[in-house]
Amino acid sequence: MYLSHLSLSYFRNYQELDLAMGPGLFIFYGDNAQGKTSLLEAVSMLATASSFHASNDREVVNWQAPEHIAHLKGLVKRCEDDVQIDITVFDPTPPAFNTADTSGTSSATQTFELPANMGRKRLKLNGTPHKMMTMIGQLKVVLFAPTDLHLVDGSPEERRRFLDRALCQVQPRYCQVLVKYRKIVAQRSALLKRIRDQQEDPRLLDYLDEQLTMLANQIMFERERMIASMNVQASQLQATMSNGREHLQIVYRPSFKTNAEWGTQQGPQHYREQLQATRRKETVQAVCLLGPHRDDVELLVNGVNMLTYGSRGQQRTIALSAKLAELAYMRSSTGDEPILLLDDVFSELDQTRRELLLHQVLHHQQVLLTATDLTSFLQEIVQQAHVYQIANGHLSSR
C-alpha cells in the first residue's frame, strides 16, 4: 500500500499542494514551523479521518481559507484495488484579524453559521459520501511523532490509544465495539452516581454489566492477540537497533483478572463476578473501576519496566520498535503494508541508532520522514530517497 498522489488546499499553512508520490523513502526537511509535521498530519488524517495534532479537527483549516474550508485528497494504491479519499473540513468560527481594505478602513474576517444538520467534516470514498466509521482503515498508516515518546513514559491512556488506533485501522468491527463500550461506560458511571445519591435501584446495573462484560471480552481478546503478534517482531527490532544489547517485551495488563484457560464463553461470566465484587466501591466513587478503559501495557527491556528506567534515547528506540512491530502486525493482518510516517525521529538518538533505524525503514514500501536538515543521513540513503525541502508550506525537490 502506498500513496500515489496527495492534494491539499488551505490545510494548515499549505494553501495549495499537489504532490505525486510512489513507493520508497521520502525525506521532507526544513526549519521548524514550515509545514513538515502538517504534511504527515494530512496523510494520517486521510487514514483515520481525524487529526493527531489538533484538539479539534477544524484547527487544520488555514485562517485565511476562502469560506473557511480545507480540502484533502489522497490516491491510494492497495493490493486489491485503488481508492480515492476526500476530506473536507469546515471551520465556521476562525480567528478574526483586523486588516485594511482598499479604502484604508479596518475590517475583520467574518464568521458564518453552518446549518444545524451540517457536519463540520465531509468524507468521501471514490466520490461517494461515507461515515467516519467506514473511512477508517481505507488507508493504513503507522505514525511516530515526538508525542509518541509518551508511549513509554506517559499515562496508561497513551498506551491504550496506541493499541486502539492500530486495531481500528485493521478491524472496522473493533472500532464499532470500542465506541459501544465507551457509551456503556459513560452510562454506567452516570447510573452509579444516581445510585449513590439514592435516586435509582442498584439492580439496574445488571443489564449494563452484561453489556460491558461482553464488549470488554472482545476488546481484551483483540488487544492481547495484537500484542502476542507484536512481540514476535518487537524483541528482534529492539535488539537490532541496540546492537544486540536490549530485548523488548510488551505485556498487556488488564484491570480484570484473567486466566488463559478461560474460553470466550467463560470470560464474561468471570468478569461479571468481579464487577459484582467491586460494586460497592464503584458506587461510592461513582466510576467504573474495571474494564479495558482501565487496562495498561508494560514495555520491558531485559525484564525492566521502561516507564521508570531508561534514558531518553533508549525510550525513543523502544517506542520506535513498538511502532515498527505495530506495522508488522497490521501487514500480517491485512496483507497491505501501512505507510510509515516518521516525524523528527532522530532527536535524542545517537549516530549508531540513527543508522540502524534508517537501514530498517528502507525495507518498507513507503516511508515519509521529516527532519530539520540532511546531516543525520548517510549519503547513500539520501541518494536512494525522494528529497524535498519545505519552506512556508511550499515544497521544492532537491
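User: Which residues does Leu289 touch, not counting residues up to four places away in sequence?
Analyst: Keep in mind that this is a predicted model, where local features need pLDDT of at least 70, side-chain atom pairs count only at pLDDT 80 or more, and totals for chains, interfaces and linings use all residues. Residues are numbered from 1 along each chain as its sequence is written, and side-chain values use heavy atoms, with hydrogens and water left out. Contact means heavy atoms within 4.5 Å. On that basis, the partners of Leu289 are Ser255, Thr278, Lys281, Glu282 and Arg294.

User: Where does Leu289 lie, and is it buried or exposed?
Analyst: Leu289 is in the loop between helix H8 (279-285) and strand S12 (296-301); helices (H or I, at least four residues) and strands (E, at least two) are DSSP runs, numbered from the N terminus. Buried means under 20% relative accessible area, exposed over 50%, and partly exposed in between, with a 1.4 Å probe and protein chains only. Leu289 comes out at 16% relative accessibility, so it counts as buried.

User: What separates the C-alpha atoms of Leu289 and Val185?
Analyst: Along the chain, Leu289 and Val185 are 104 residues apart.

User: How many helices and strands does the chain have, and what is its radius of gyration?
Analyst: There are eleven helices and 17 strands. The radius is taken over C-alpha atoms, and the globule rule is 2.2 Å times the number of residues to the power 0.38. For 398 residues that rule gives 21 Å, and the chain is close to that, so it is as compact as a globular protein of that length, with a radius of gyration of 23 Å.

User: What box do the C-alpha atoms fill, and what share of the residues is buried?
Analyst: Taken along the principal axes, the box is roughly 70 × 60 × 40 Å. As for burial, the buried share of the 398 residues is 51%.

User: Which residues touch the most other members of the largest nonpolar core?
Analyst: A nonpolar core is a set of buried Ala, Val, Leu, Ile, Met, Phe, Trp, Tyr and Cys residues joined through side-chain atoms within 4.5 Å. The largest one has 75 residues, and H6 gives the most to it, with 13 residues. Apart from it lies another core, of 42 residues, including Leu3, Leu72, Val83 and Leu139. Back in the largest core, the members touching the most others are Leu342, Leu357, Leu369 and Phe377.

User: At what angle do H5 and H6 pack?
Analyst: H5 covers residues 172-196 and H6 covers residues 205-241, with their axes 9 Å apart. Axes are lines fitted to C-alpha atoms, for helices over the stretch in contact, and angles run from 0 to 180 degrees between N-to-C directions. By that convention, the two helices pack at about 145°.

User: Which handedness does the crossing of H5 and H6 have, and how do the contact residues divide?
Analyst: H5 passes H6 in a left-handed crossing; left-handed is when the near helix is turned anticlockwise from the far one by less than a right angle, and right-handed if clockwise. Ala, Val, Leu, Ile, Met, Phe, Trp, Tyr, Cys and Pro count as nonpolar, Asp, Glu, Lys and Arg as charged, and the others, Gly among them, as polar. The contact residues of H5 with H6 come to 15 nonpolar, three polar and six charged.

User: What is the relative accessible area of Phe28?
Analyst: Phe28 is in strand S3 (residues 24-29). Leaving aside neighbours within four places in sequence, its contacts include Leu39, Leu368, Leu369, Tyr388 and Ile390. Phe28 is buried, with a relative accessible area of 0%.

User: Why does Tyr329 count as buried?
Analyst: Tyr329 is placed in helix H9 (residues 312-334). Beyond its neighbours within four places in sequence, Tyr329 contacts Leu167, Val170, Gln171, Met226, Ser229 and Met230. Tyr329 counts as buried because its relative accessible area is 5%.

User: His68 and Asn392 each have a positive phi without being a glycine, so which is buried and which is exposed?
Analyst: His68, with phi of about 60°, lies in the loop between H1 and S4. Asn392, with phi of about 50°, is in the loop between strand S16 (386-391) and strand S17 (394-397). At a relative accessible area of 9%, the buried one is His68; at 53%, the exposed one is Asn392.
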